[in-house]
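Hello,

Here is the structure I promised to pass on to you. Please have a look at it first, and then read my notes below.

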Amino acid sequence: MPPDSVLADFMSELDSQISVMLYELALASLDKAIMKAKMIEIGQKNAAGTMQFNAKLAQLEQENALLH
């Protein structure tokens, strides 16, 4: 299978947000695409965790303000 086809197949199976970001990078090899996809996924997970933490913190601050 030609490398371009393998890369296209890989990218077509990814989460749509990740694949859009990878298409913008115009990566030429499967190895680079895999590495960048993992980095994007880790970044998304970190961002989601931070958002959940901030939401919980805001909730606790609001509850604390109501108690005082």
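Helices here are DSSP runs of H or I with at least four residues, while strands are E runs of at least two, and both are numbered from the N terminus. Two points on how to read the rest: this is a predicted model, in which local features need pLDDT of at least 70 and side-chain atom pairs count only at pLDDT 80 or more, while totals for chains, interfaces and linings use all residues. Residues are numbered from 1 along each chain as its sequence is written, and side-chain values use heavy atoms, with hydrogens and water left out.

Let me start with S19, which lies in helix α2. Is S19 buried or exposed? With a relative accessible area of 9%, S19 is buried (buried means under 20%, exposed over 50% and partly exposed in between, using a 1.4 Å probe and protein chains only). Not counting residues up to four places away in sequence, S19 touches M11 and L14; contact means heavy atoms within 4.5 Å.

M11 also belongs to the largest nonpolar core, whose 8 residues are L7, M11, I18, L22, L27, A33, A37 and I40. Such a core is a set of buried Ala, Val, Leu, Ile, Met, Phe, Trp, Tyr and Cys residues joined through side-chain atoms within 4.5 Å. At least two residues of this core come from each of α1 (3–12), α2 (16–25) and α3 (30–67), and α3 gives the largest share, 3 residues.

Next, the pair α1 and α3. Their axes come within 9 Å and cross at roughly 15 degrees (axes are lines fitted to C-alpha atoms, for helices over the stretch in contact, and angles run from 0 to 180 degrees between N-to-C directions). Because of that angle, α1 is roughly parallel to α3, a label for angles under 35 degrees. The contact is made by V6, L7 and F10 of α1 with L30, A33, I34 and A37 of α3.

Finally, have a look at I18 and Q44. Leaving aside neighbours within four places in sequence, I18 is in contact with A37, I40, E41 and Q44. Q44 lies in helix α3 and counts as partly exposed, at 25% relative accessibility.

Methods
Angles under 35 degrees count as roughly parallel, over 145 as roughly antiparallel, 65 to 115 as roughly perpendicular and the rest as oblique.
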